[in-house]
Amino acid sequence: MNTAVPSSSDGKKDAGPRQPKKGSLRPSHWPFIIPALVVVGGVIVFPWIFTLWMSVNGWQIGVEQHFVGLTNYQRLLTDARFIDSMGRTLSYTALSVIAPLFLGTLAALIFNTKLPGRGILRGIFVMPMMATPVAIALVWTMMFHPQLGILNYLLSLVGIGPQEWVFHPATVIPSLVLVETWQWTPLVMLIVLGGLASLPAEPYESASLDGASGWQKFRFITFPMIIPFLLIATMIRTIDALKSFDIIYAITQGGPGTASETINLYLYSVAFTYYDVGYGSAIAVVFFILIIALSLLLIYLRQRTSWLLGDA
């Protein structure tokens, strides 16, 4: 069997891929990767290894460090304050995800229509997302004031009595969720709006020919096709709400009492108020495992719905 020898355009035979000359150095990608590995190792890997090491040690400021094994983790199982903070964290996270998800999807559907001046309205709508958390906390603290706050004044206009908002244990978590919802609903809106812009027009044209109503189009076409985008928004909001600290601390410092003390605030108190670094490290490790578990669950759900958009 004859095999054709590839030749170049000038008629000369192609000798194939060039081999490096003797004594020459092969090009390497390691000089470009090593700096990044050093940064990742120093900023991410080493702190977590050090945190794991501290979590199995009894380490209090002013007291000699000593190895205690899993004692710090066993202590968590009987720590009522930690268990309560875990419950508050999960409830705060659930509310801080559900409310922005619903309102953000509704806003995306509105802004996806041919609304007059929708470009300007979109810009105004996303402004809360750009504000700094501490500034937001200070403004909302004034608005929550039982006597001087504008929220109670607005409620009085419709005949509703004054509320204690963040100054009562029963209403402090919903009030903080209100702030979180106001700030992060625009993020969900942007994610869902991007999903709506990528949807094909053919299913809607076919549905219109079949006489489908607007609700039927949303229920059977729009909603199933934007589920992957909703899951992305859910994953981002879940991680962000779980590690929320600045707004809660700036508004309530975990109060009244410990009614708004989430895991982050309890961890801060243990490590930087009581100076129990070893026990605080154990809380940080458990909290990190919780975040990883929820993230993996959401990623799994995202992969299960990827077929809706035809991606792998």
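Which helix holds serine 295? Serine 295 sits in α13, and the views below start from the whole predicted model and then visit this residue and some others.

**Figure 1. The whole chain is a predicted model with 13 helices and two strands.** Helices (H or I, at least four residues) and strands (E, at least two) are DSSP runs, numbered from the N terminus. Of the 312 residues, 36% count as buried, where buried means under 20% relative accessible area, exposed over 50%, and partly exposed in between (1.4 Å probe, protein chains only). The accessible surface comes to about 19,200 Å², and carbon and sulfur atoms hold 70% of that area; the areas follow the Shrake-Rupley method with a 1.4 Å probe, and for residues only the protein chains shown count as cover. Residues are numbered from 1 along each chain as its sequence is written, and side-chain values use heavy atoms, with hydrogens and water left out. Because this is a predicted model, local features need pLDDT of at least 70 and side-chain atom pairs count only at pLDDT 80 or more, while totals for chains, interfaces and linings use all residues.

**Figure 2. Serine 295 is buried in helix α13.** Its relative accessible area is 11%, so serine 295 counts as buried. Leaving aside residues up to four places away in sequence, serine 295 touches Met235 and Ile239, a contact being heavy atoms within 4.5 Å.

**Figure 3. Helix α1 has a kink centred on glycine 41.** The kink in α1, which spans residues 30-55, is about 45°; the bend at a residue is the angle between axes fitted to the seven residues ending there and the seven starting there. Thr51, Met54 and Ser55 are buried in α1, and the helix's buried residues pack against β1 (57-58), α2 (71-77) and α13 (277-304).

Figure 4. Leucine 52 touches Tyr73 and Val285, not counting residues up to four places away in sequence. The C-alpha atoms of leucine 52 and glycine 278 are 9.3 Å apart, though 226 residues separate the two along the chain.

**Figure 5. The largest pocket holds about 220 Å³ of space.** A pocket is an open set of points on a 1 Å grid over the protein atoms alone, where a 1.4 Å probe fits, with protein on both sides within 12 Å along at least five of seven lines; lining residues have an atom within 4 Å of a point. Helices α8 (172-197) and α10 (214-242) each give two or more residues to the lining, which includes Asn112, Tyr204 and Phe218.

Key. Grid points are joined across faces, edges and corners, and a volume is the space filled by probe spheres set on the points.
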